[in-house]
2 protein chains.
Amino acid sequence: MAEQKATNVHWHDHRVSRAEREKAKQQKGVVLWFTGLSGSGKSTIANTVDHKLHEMGKHTYILDGDNIRMGLNKNLGFSPADRTENIRRIGEVAKLFSDAGVIASTAFISPYKADRDAVRALLKPGEFVEILVEASVDTCEKRDPKGLYKKARAGEIKEFTGISAPYEAPDKPELVLDSNNKGIDELADQVITYLKSKNLLTA
Amino acid sequence: MAEQKATNVHWHDHRVSRAEREKAKQQKGVVLWFTGLSGSGKSTIANTVDHKLHEMGKHTYILDGDNIRMGLNKNLGFSPADRTENIRRIGEVAKLFSDAGVIASTAFISPYKADRDAVRALLKPGEFVEILVEASVDTCEKRDPKGLYKKARAGEIKEFTGISAPYEAPDKPELVLDSNNKGIDELADQVITYLKSKNLLTA
């Protein structure tokens, strides 16, 4: 038994700590969780924030429909249980990126408070930055970049958030972005200002 | 309709490309997939490689039992379907890290060829580096750092890879590490040498 223990010494892990990963990146690992209606501008704002941070030399990544629904969550549909599991997995992956010291943004409607709060509960205090992208159904419907509102109004899409399914806005989001009245650049800068104010862009 | 299109122009995504993320990190995004028996040294070698790369200023992350089984895959058991789904999800997450320009290591037994090949198929040629950590059952059983072989021999663990369940070694792994006869440091350096030889540590 003593011999076995001695052997294990040679097999000790030199595990790189989260703090060491953050120091190397000169930033804190954090999850920027954008939530809001389809067409509110979540993805565009998230990408603009991401681009600005990248230009500042920060290490970032975005989880969105393009890389999640076709990959990790391709075996999930749109039942209530699957929607919850969809957000849970995204939250767990965002947590891994954050643990890696990366600034991870997510851009999903994520209409249910309970699902978002479950992700918040996975993370340390301050690590989950909930960002409400506020835009009225009217505003979103006028933009309708993917023609989804049109289809929802025609009854071709059932349970469409804001039309035939509820959107539960956060009670106390870390940030509210007024996408009805402000431009992308201004809103993205609001996020950057927040990150600076919380010392998340230094290690 | 023309008005709608015009509106969309303002909402154009400034998406940071994979190449831009890799350039910022001065490396290529890649998945180092360590496979081998329990006790073969996968996790220890992966952590040593990770540590060495970190010291070289590279951007890395490790997916292993500690951060996957308790999180993303906590709703999976050990049935054949769940084992396959376990590896599939890990592969998809490793792909996201690689897409982010990170050198992502995974350290799971991953005994089935089909499951590993499915992950390889998710990735671009050259992006999946399959690393067989070769150690005999004898070697692993002597180490038995978690006491699992003892339990398996006593029948307390069913379907234990190498004892009561098969391990399907890769036919053409990118690397074979001889963990029966070589030390951790030498094996880790073998991985680093491979990464350099494939120009994966530059952008």
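A polar contact is a pair of N or O atoms within 3.5 Å; within protein, one must be able to donate a hydrogen and the other to accept it, and residues adjacent in sequence count only if both atoms are side-chain atoms. Keep that in mind for the first exercise, and remember that this is a predicted model.

**Exercise 1. Describe the interface of chain B and chain A.**

Step 1: Start with the contacts. On chain B, 51 residues are in contact with 51 residues of chain A.

Step 2: Turn to area. The size of an interface is often given as the accessible area lost when the parts come together. Here the area buried between chain B and chain A is about 4400 Å², and carbon and sulfur atoms give 55% of it.

Step 3: Look at the pairs. The rule finds 18 residue pairs in polar contact across the interface of chain B and chain A (both at pLDDT 80 or more).

Step 4: Ask which elements take part. Those giving two or more residues to the side of chain B that touches chain A include α1 (2-10), α3 (42-55) and β2. The most comes from α5(B), with eight residues.

Step 5: Sort that side of chain B by residue kind: 14 are nonpolar, 20 polar and 17 charged.

**Exercise 2. Find a salt bridge that crosses between the chains, and decide whether its partners are buried or exposed.**

Step 1: Side chains of opposite charge can pair when their charged atoms come close. B:Arg21 and A:Asp50 form a salt bridge, with the closest N and O atoms 2.8 Å apart.

Step 2: B:Arg21 sits in helix α2 of chain B, and A:Asp50 in helix α3 (residues 42-55) of chain A.

Step 3: Apply the cut-off: buried means under 20% relative accessible area. B:Arg21 has 6% relative accessibility, so B:Arg21 counts as buried. A:Asp50 has 1%, so A:Asp50 is buried too.

**Exercise 3. Explain how the salt bridge of B:Arg116 links parts of chain B.**

Step 1: Name the partner. B:Arg116 forms a salt bridge with B:Glu130, the closest N and O atoms being 2.7 Å apart.

Step 2: Locate both. Because B:Arg116 lies in helix α6 (residues 113-122) and B:Glu130 in strand β4 (residues 128-134) of chain B, the pair ties together parts that are 14 residues apart in sequence.

**Exercise 4. Work out which way the side chains of β2(B) point.**

Step 1: In a regular strand the side chains alternate between the two faces of the sheet.

Step 2: Check the strand. B:Thr60, B:Ile62 and B:Asp64 point one way, B:Tyr61 and B:Leu63 the other way, and all are buried.

Step 3: Find the neighbour. β2(B) pairs with strand β3 (residues 103-107) of chain B in the parallel sense over five bridges, and B:Tyr61 has B:Ala104 as its bridge partner there.

Conventions
Residues numbered from 1 in each chain as written. Chains lettered and ligands numbered in written order. Predicted model: local features only at pLDDT ≥ 70, side-chain atom pairs only at ≥ 80, totals over all residues. Heavy atoms only, no water. Buried < 20%, exposed > 50% of the residue type's maximum accessible area, 1.4 Å probe, protein only. Helix = DSSP H or I, 4+ residues; strand = E, 2+ residues; numbered from the N terminus. Pairing = 2+ DSSP bridges. Contact = heavy atoms within 4.5 Å. Buried area = accessible area lost by both parts, 1.4 Å probe. Nonpolar A, V, L, I, M, F, W, Y, C, P; charged D, E, K, R; others polar. Salt bridge = Lys/Arg side-chain N within 4 Å of Asp/Glu carboxyl O.
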